[in-house]
Amino acid sequence: MENKDCGCPRRENPDFLDSGLLPAGSPGTPFASTRRRLIEILLGSGFLASIASFLYPVARYLVPPAVSDLGSDEVIAAKVGDLKPNSGKIFKFGSRPGLLLLNAEGEYKALAGTCTHLSCTVQYRGDLQQVWCACHNGIYGQDGRNISGPPPRPLESFQVVVRGQEIVVRRTMRA
Amino acid sequence: MKLIRSIYEWLDERLDLGELSAPLRHKTVPVHYHSVWYYLGGITLFLFGVQVVTGILLLLYYRPGVNEAFESVQYIVTRVQFGWLIRSIHSWAANLMVFTAFIHMFSVLFLRAYRRPREMTWVSGMLLLFLTMGFGFSGYLLPWNELAYFATQVGTDIVGQVPVIGHPLMVFLRGGEDVSGATLSRFFGFHVAVLPGITVALLAIHLFLIQRQGISVPPGMEAAANALAYLRKHDPAAAELWLQRAGFPEQRSMKFFPNFFLRELMAWYVALGVLGALAALFPWELGTKADPFAPAPAGIKPEWYFMFMFQTLKLIPAKVGPIDGELLGIGLFGVAGGIWLLLPFLNLQGKGRRSQLVMGLGIFALTYMIAMTIYGYLAK
């Protein structure tokens, strides 16, 4: 007696067939159908695994290589005399902007130039004597504290050292 | 599975997908001794898909421009993870695609599938082949390396030799009198925007025609099938007798979906395997950066699919009688390309002496291309 589906000898499993689990008229025997199922699972999982191996390089490719931050922890932001009192200047600190300001009292201060709200670049407003972000009217104090508007956090502040004619901005070391 | 089923039913209820997919379900593919050739168009299509995907991936990092193009490709192959693989696959798939497109073209020719009523399919296919070569030519320049620079110099110069329209056409291609950054910008635009746009439109027409007209069978088989159908209609007994006596197998066919489709998928899988192996084992070289003021390096060669034309032009003497040799060569290739484009109109029936003429032309062209390509690579 042969199995209709695969033409292979039929293997009886009376216990199972008699158990009434299969609806009447099910094609093939339980053994034949599990064998077919096994092959399907093996082929299918092999196929899917190979597809995953094709997609893996693509996914890795999409991740941009990390740019080594060439900016050191110290940068010459300006020269003495570049800034008038009560004004500010954007300088390059690594790959990001920084804000150097000279307040009305003649004191230098340096802050991160990127607004903590949605990353616009901030500026010093002489009329307000405060740091202002034009995008959503965010206001920070001269020490970087967020005073009003949407900014959620203060701006990071940097150490300023006047070394001869050079104004050096240094990232404060954290423990 | 149940989820997919219910999503399908939701869509089907609104869009009547059943009716939309009916042509696909009824489509059949003839099964005969030469059926293997039917896979090549599909493989070419698959490789085009690979080109679209890898091309978009390369676009994420590539920057056109004299000062950036070479460096950005260098960045892709050295810094970006698997960048070498993506670029290598793009280069290899381009070459394989030209190769399979040529085989597809010649198989259609020799199976006489170009004959009435499929002239438009042939013409659209030939235009796609020309576009593929245009993709190859424009893409070759993009890494801005030495070989590509001089190949483009020579290639566009040939265009400039064409009488009357040649010079303006060359200036249009180069974006000026010389190959420069302007040429790179243009070729980049052609390669990633103009050519893909035209190709997708033509491809849609090509596939629509194939879908609409069904797949061609060689004329002999078609005639036998028609005769059998005629006999069956008028004298079924005689038809059966003829079928037995002639030992002629009745024309068989398989359903396109899922039978042929799954086989085609297997072919694609194999093509992808070959492509991946080639790309991984023989990564495409980048060469050295182009320098317009350096002398051309020795052994400058075009891509292999332009080699037969390149070699022919090298062999033609400077003057053939009163005609300029270069011009004669370009003229001949122009005429040959034109004839090839309109080949079905030479032999609409696909039989008789005209058919022999077309077959002869096909064999001649194939032999000539292979011989000249080999000669081109052997000759120093």
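How many residues does helix α13 of chain B have, and what distance does the helix reach from its first C-alpha to its last? In this predicted model, helix α13, residues 256-281 of chain B, has 26 residues and reaches 35 Å between those two atoms, close to the 38 Å expected at 1.5 Å a residue. Its buried residues are Phe260(B), Ala271(B), Leu275(B) and Ala279(B). An α-helix has 3.6 residues a turn, so residues three or four places apart point the same way. The buried residues of α13(B) are covered by elements of chain B that include β1 (28-31), α4 (38-59), α6 (83-110) and β2 (252-255).

In soluble globular proteins, nonpolar side chains tend to be buried together.

Chain A contains an open sheet of 4 strands in the order β5-β6-β7-β8, with antiparallel pairing. Because β5 (123-125) and β8 (146-148) of chain A stand at the edges with a single partner strand each, one side of each is left without a neighbour in the sheet. On average, neighbouring strands of this sheet are turned by 40° against each other, direction ignored.

Within this sheet, β5(A) pairs with β6, residues 130-133 of chain A, over 3 bridges in the antiparallel sense. Tyr124(A) stands opposite Val131(A) in β6(A), and Arg125(A) stands opposite Gln130(A). The hairpin of these two strands has 4 residues between them, and Gln129(A) takes a positive phi near 55°. On its other pairing, β6(A) is joined by 3 bridges to the antiparallel strand β7, residues 138-140 of chain A.

Which face of β6(A) is covered and which is uncovered? Val131(A) and Cys133(A) form the covered face, whereas Gln130(A) and Trp132(A) form the uncovered one. In a regular strand the side chains alternate between the two faces of the sheet.

Another open sheet of chain A has 6 strands in the order β1-β10-β9-β4-β3-β2, also with antiparallel pairing. Its edge strands are β1 (74-79) and β2 (87-93) of chain A, each of which pairs on one side only. From one strand to the next, the twist averages 30°. Inside the sheet, β3 (residues 96-102) and β4 (residues 108-112) of chain A pair in the antiparallel sense over 5 bridges, and Leu101(A) has Lys109(A) in β4(A) as its bridge partner.

Finally, the two chains meet in a contact that takes 6 residues from chain A and 8 residues from chain B. On the side of chain A that touches chain B, the residues divide into 5 nonpolar, no polar and 1 charged.

Note on methods. Residues are numbered from 1 along each chain as its sequence is written. Chains are lettered from A and ligands numbered from 1 in the order in which they are written. This is a predicted model: local features need pLDDT of at least 70, side-chain atom pairs count only at pLDDT 80 or more; totals for chains, interfaces and linings use all residues. The expected span of a helix is 1.5 Å times one less than its number of residues. A residue is buried if 20 or more other C-beta atoms lie within 10 Å of its own, exposed if 12 or fewer, and partly exposed in between; C-beta atoms are placed from the backbone. Two residues are in contact if their C-beta atoms, placed from the backbone, lie within 7 Å. Two strands pair if DSSP finds at least two bridges between them. Axes are lines fitted to C-alpha atoms, for helices over the stretch in contact, and angles run from 0 to 180 degrees between N-to-C directions. Ala, Val, Leu, Ile, Met, Phe, Trp, Tyr, Cys and Pro count as nonpolar, Asp, Glu, Lys and Arg as charged, and the others, Gly among them, as polar.
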